[in-house]
Structures are given as structure tokens and as C-alpha cells.
Amino acid sequence: MRKLLFVSLCLDFVWVNAAVVLVVRLFPGIAETVLGQPTSWAARQVLSLILLSLMRVANASIGEWLLAYARTEPPGRRQWANLLLGTLGFGSGIWYLLQLTEPGDTTPFLFMVENTPLKLAAVAVFSACYSWCGAMLLRFEPRAKFYNVLLFVSIIPLTAINVIFSRDAMIATMVARAASKGRSFPVEKAEAYVRVSLYFTVLLIAIMLTLLYFCRERPAAERPLEGAQGGEV
């Protein structure tokens, strides 16, 4: 049960930290008013840990809900694949969604480069699907593997479209993102990253599909277990 406790803490920290970052980016004046200075990375982590502790004391945990079924299984059942891939999917979707609030971020998506309402909506939907598919794996939902296969396979054409039609935008985004953090990122290096990005994506998807093969699903006849059972340690 210790591994499930650790995973649930990680899941809760991911979304709590994302909420803190979102508030700081959208309302920077609040943080400066409270702290008297712009919020640093370390300050955001400390605030996230404090909020996470308060939520645990109040017994409010998304991580516990996501792992409710895993907690009811007898010891020895294979869970590592679901926990690993589900956590990565849940966190990746949230991280990708946060990119929408990154100042000056113009990462291309489906032929769209500028941050128009249509592009923001499309990225938000894709990010939500990513987190939802991760959550299905964590809850051992029926057909979770099927939906994750569709999601993983869709990433390859999305990457190919970016590389073929939005190559310059990808390079410009890498250089601009590094510059916004006070680092130098040569254009030649960005071009090299773009050249291998599609091959890297195919390799990554192959690895994720292999991990997905080892994932399990609960029988379709079983109902997901909620409430007190999800909170037991």
C-alpha cells in the first residue's frame, strides 16, 4: 500500500501545483501583493506542498479517488504498468494544458501556430483527453487500453503535421522559450531537434504501446469502487 500512497500523493501534487502555477500566471498581482515580490519556482513548490497537506487533512484527494480500485485488489496483482502509464498520462495532459498560459508560447498544433481561440480550444480538448485516458488506466476502467491506443497513435500524425508544415514555427518556439528563461538556444540545435522529433516520437509511442500491453482492466461487470474504500490505506 505504500506505493499507492506515494502515487496518490504525486497525483495530487501534480494538479495542485498546476493550479498554483495557473493562478500565478493569470493573476500575477495577487502573488506580488501577498509576498511582496514575484513568485519564484521554490515558493510555488512550497505553497503547493502546504495546500496538498491541507487537502490531505481535509480528506480531499483526487489521487485517492483515482486509485480506489487498485487499493481493493489483493497483494501481488500486477499494477505497475497502470500506475506508471496512468500517472504519466494524467500529468502530461495537465502539463500540456499549462502550456496555453505560457507567455509567448506559439507551439504549433494541427496547422495552427498563432494562439487563436480555435487553437486554444483544440489544445485544451486534446490535453483533457490525455489526462482522461491516464485516469482510466489508473482506475483500471474497461476499454482503457483501447482509448489509450487511439490517443498514442494520434500523436504520430500530429507530430508529422508540425514537422512538415510548421517547421519554422517549432524552431522559433524553442529559441523563444529558452530566451524567456534567460538561456541561449542556437537555431542550429533547434533545427536538429526538429529533424529527429518525428523519429523520437515514433520510438516513444512504441515504448508506450509496449507498456500499455502490460496494463490491466477490471472486469466490465464490476462497478468502480468509491468513497471510503478509496481512502483506506
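Predicted model: local features only at pLDDT ≥ 70, side-chain atom pairs only at ≥ 80, totals over all residues.
## About the model

Residues are numbered from 1 along each chain as its sequence is written. Local features need pLDDT of at least 70 and side-chain atom pairs count only at pLDDT 80 or more, while totals for chains, interfaces and linings use all residues; side-chain values use heavy atoms, leaving out hydrogens and water.

## The nonpolar cores

Let's start inside. A nonpolar core here is a set of buried Ala, Val, Leu, Ile, Met, Phe, Trp, Tyr and Cys residues joined through side-chain atoms within 4.5 Å. Buried means under 20% relative accessible area, exposed over 50%, and partly exposed in between (1.4 Å probe, protein chains only).

The largest nonpolar core has 21 residues, and Leu85, Phe109, Phe126, Tyr130 and Phe152 touch the most other members. Two or more residues come from each of helices H6 (80–98), H7 (117–138), H8 (144–165) and H10 (187–213); helices (H or I, at least four residues) are DSSP runs numbered from the N terminus. H7 gives the most, with six residues. Apart from this core lies another, of 16 residues, including Leu67, Ile94, Leu98 and Leu138.

Beyond its neighbours within four places in sequence, Tyr130 is in contact (heavy atoms within 4.5 Å) with Gly89, Phe90, Ser92, Gly93, Leu151, Phe152, Ile155 and Met208.

## Two loop residues with positive phi

Most residues other than glycine have a negative phi. Leu110, in the loop between H6 and H7, has a positive phi of about 50°. Leu110 is partly exposed, at 34% relative accessible area.

Phe140 sits in the loop between H7 and H8, with a positive phi of about 55°. Phe140 is buried, at 0% relative accessible area.
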